[in-house]
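This briefing is meant for a reader meeting the structure for the first time. Please look over the sequence and the model below before reading the points that follow.

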Amino acid sequence: MSALLTVKGLRTEFATRDGILPAVADVSFELKRGEVLGLVGESGSGKSVTGFSIMGLVDAPGKI
């Protein structure tokens, strides 16, 4: 069965006054029909940024 969603090496960074801040680094996964993926982690670990990055909703100064 082919994948409905494939994410390979996802990286999202934010430019700050102090330099580049990596928010998501090297995230990879594949989802097939009927599968469910849960993102679990501490506050600030990049769960929301991962989702926003996949949907293309990261605003400047973010870079996917």
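A residue is called buried when its relative accessible area is under 20%, exposed when it is over 50%, and partly exposed in between, with a 1.4 Å probe and protein chains only. Buried residues, by that definition, make up 17% of the 64 residues in the protein chain. The model is a predicted one, in which local features need pLDDT of at least 70 and side-chain atom pairs count only at pLDDT 80 or more, while totals for chains, interfaces and linings use all residues. Residues are numbered from 1 along each chain as its sequence is written, and side-chain values use heavy atoms, with hydrogens and water left out.

**Overall layout**

- The protein chain has one helix and three strands, where helices (H or I, at least four residues) and strands (E, at least two) are DSSP runs numbered from the N terminus.
- Read along the sequence, these elements follow the pattern β-β-α-β.
- Taken along the principal axes, the C-alpha atoms of the protein chain fill a box of roughly 45 × 20 × 20 Å.
- Among the contacts in the protein chain with a separation of 6 or more, 48% are accounted for by residues 24 or more positions apart, a contact meaning heavy atoms within 4.5 Å.

- The three strands form an open sheet in the order 2-1-3, and the pairing is antiparallel; two strands count as paired if DSSP finds at least two bridges between them.
- Strand 2 and strand 3 stand at the edges, each with a single partner strand, so one side of each is left without a neighbour in the sheet.
- Strand 1 (residues 3–16) pairs with strand 2 in the antiparallel sense over 10 bridges, and Thr6 stands opposite Glu30 in strand 2.
- Strand 1 and strand 2 form a hairpin, with two residues between them.
- Within strand 2 (residues 19–32) sits Asp26, whose phi is near 60 degrees, a positive value in a residue other than glycine.
- Asp26 is exposed, because its relative accessible area is 59%.

**The helix and what it covers**

- Helix 1 lies across strand 1 and strand 2, running at about 115 degrees to strand 1; axes are lines fitted to C-alpha atoms, for helices over the stretch in contact, and angles run from 0 to 180 degrees between N-to-C directions.
- Val49, Thr50 and Ser53 are the buried residues named in helix 1.
- Seen down the axis of helix 1, its buried residues fall within an arc of 105 degrees, so they line one face of the helix; the arc is that of the directions from the helix axis to the C-beta atoms.
- What covers these buried residues of helix 1 includes strand 1 and strand 2.
- Thr50, which lies in helix 1, counts as buried because its relative accessibility is 6%.
- Leaving out residues up to four places away in sequence, Thr50 touches Leu10, Val24, Val27 and Leu39.

**The nonpolar core**

- The largest nonpolar core has six residues, namely Val7, Leu10, Val24, Phe29, Leu31 and Val49; such a core is a set of buried Ala, Val, Leu, Ile, Met, Phe, Trp, Tyr and Cys residues joined through side-chain atoms within 4.5 Å.
- The elements that give two or more residues to this core are strand 1 and strand 2, and strand 2 gives the most, with three residues.
- Val24 touches Leu10, Arg11, Thr12, Gly46, Val49 and Thr50, again not counting residues up to four places away in sequence.

**Charged pair**

- The count comes to one salt bridge, by the rule that a side-chain nitrogen of Lys or Arg lies within 4 Å of a carboxyl oxygen of Asp or Glu.
- The side chains of Glu13 and Arg11 meet in a salt bridge, at 2.8 Å from N to O.
- Arg11 counts as partly exposed because its relative accessibility is 40%.

**Backbone details**

- Just after helix 1, Gly56 takes a positive phi of about 75 degrees.
- The peptide bond from Ala60 to Pro61 is cis, with omega near 15 degrees, and Pro61 is placed in the loop between helix 1 (47–54) and strand 3 (62–63).
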